[in-house]
Amino acid sequence: MLHVLTGEDDYSLREALRKIKESIGDETVRPANTAVLGSQVTLDQLRNACETVPFLAEKRLVLVEGLLERFEPGHNGRRKKARAQEELAGEYQAIAGFARRLPDFTELVLVGGKVSSQNPLLRALVAAGARVETFPPLKGEKLRQWIQRRVKAGGGAISIGAAELLARYIGGDLRVMAGEIDKLLCYTRGRGIEEGDIPAVVSSAREVSIFAAVDAILESRSAEAARHLERL
């Protein structure tokens, strides 16, 4: 099966990737049935990895990191413009063409960060029947809801005000957020998380620097400056 995972929410993306990995048979033979390839992978290398028969398992995982970005509009600027368009089209069409004929035992996963809907390889893979999952950074109400779900999954509870304050301190980095929530759950064991707990426990709330705020203001990074001032 062909999977495409993209987005700037790396935490959620890696969680989705973990679930795919867990579907690749017993964990004791999983490393032997996993191939990790980089952005400069050739079609022959991809074919060889995908067509290798699994060892003592029904499935094989082939993970490709960064390939989609190679075909992102504007990538590499002048160098990309100098390349013949037909050569570029030939590359992504050949990859998508092979993806249509994957062996049944292969789970091919392409992972990318910020990938636009105009990416020609992405569009070709969608046409080839790829299962596409996108993980944009969470903001506002969606981020607050994620915090509440994460706290509930950890066996705790959090007030709306505390969730909103935590979102303002941490932002959309869910990996950092998950760690801070785990600390809060330990700190407030037996009761709900309240607003007063956030400054007492959350690292970024205790390590705000006036210099970071000043730098953000001087460099016209208004959103970041506002976050620092809010914390101060």
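At the start of helix α9, a side-chain oxygen of Asp173 comes to within 3.2 Å of the backbone nitrogen of Arg175. Helix α9 covers residues 174-187, and its 14 residues should span 20 Å at 1.5 Å a residue. The end C-alpha atoms are 19 Å apart, which agrees. The expected span is 1.5 Å times one less than the number of residues. Helices here are DSSP runs of H or I with at least four residues, strands are runs of E with at least two, and both are numbered from the N terminus.

This is a predicted model, in which local features need pLDDT of at least 70 and side-chain atom pairs count only at pLDDT 80 or more, while totals for chains, interfaces and linings use all residues. Residues are numbered from 1 along each chain as its sequence is written, and side-chain values use heavy atoms, with hydrogens and water left out.

Which residues of α9 are buried? They are Leu174, Met177, Ala178, Glu180, Ile181, Leu184 and Leu185. Buried means under 20% relative accessible area, exposed means over 50%, and partly exposed lies in between (1.4 Å probe, protein chains only).

Now to the aromatic rings. Rings of Phe, Tyr and Trp (its six-membered ring) pair if their centres lie within 6.5 Å; planes under 30 degrees apart count as stacked, over 60 as edge-to-face and the rest as tilted. By this rule there are 2 aromatic pairs.

| Pair | Centre to centre | Angle between planes | Type |
|---|---|---|---|
| Tyr11 and Trp146 | 5.9 Å | 85° | edge-to-face |
| Phe71 and Tyr92 | 6.2 Å | 90° | edge-to-face |

Tyr11 sits in helix α1 and Trp146 in helix α7 (residues 140-153). The pair links distant parts of the chain, 135 residues apart. Both Tyr11 and Trp146 are buried. Phe71 lies in the loop between α3 (67-70) and α4 (77-82), and Tyr92 lies in helix α5 (residues 85-99), so this pair ties together parts that are 21 residues apart in sequence. Phe71 is buried, at 1% relative accessible area. Tyr92 also counts as buried, at 18%.

Helix α1 holds Ser12 too. Is Ser12 buried or exposed? Ser12 is buried, with a relative accessible area of 17%. The side chain of Ser12 makes a polar contact of 2.6 Å with the side chain of Asp9. A polar contact is a pair of N or O atoms within 3.5 Å; within protein, one must be able to donate a hydrogen and the other to accept it, and residues adjacent in sequence count only if both atoms are side-chain atoms.

Helix α1 gives the most to the lining, with 5 residues. Helix α1 (10-22) and strand β5 (131-134) each supply at least two.

Strand β4 (residues 106-112) contains Val109. Val109 is buried, with a relative accessible area of 0%. The C-alpha atoms of Val109 and Met1 are separated by 8.4 Å, although the two are 108 residues apart along the chain.

Two loop residues have a positive phi. Leu56, which is not a glycine, has phi near 55°. Leu56 is in the loop between α2 (43-51) and β3 (60-65), and counts as exposed at 68% relative accessibility. Ser220 has a phi of about 60° and is not a glycine either. Ser220 is in the loop between α12 (210-218) and α13 (222-231). At 64% relative accessibility, Ser220 counts as exposed.
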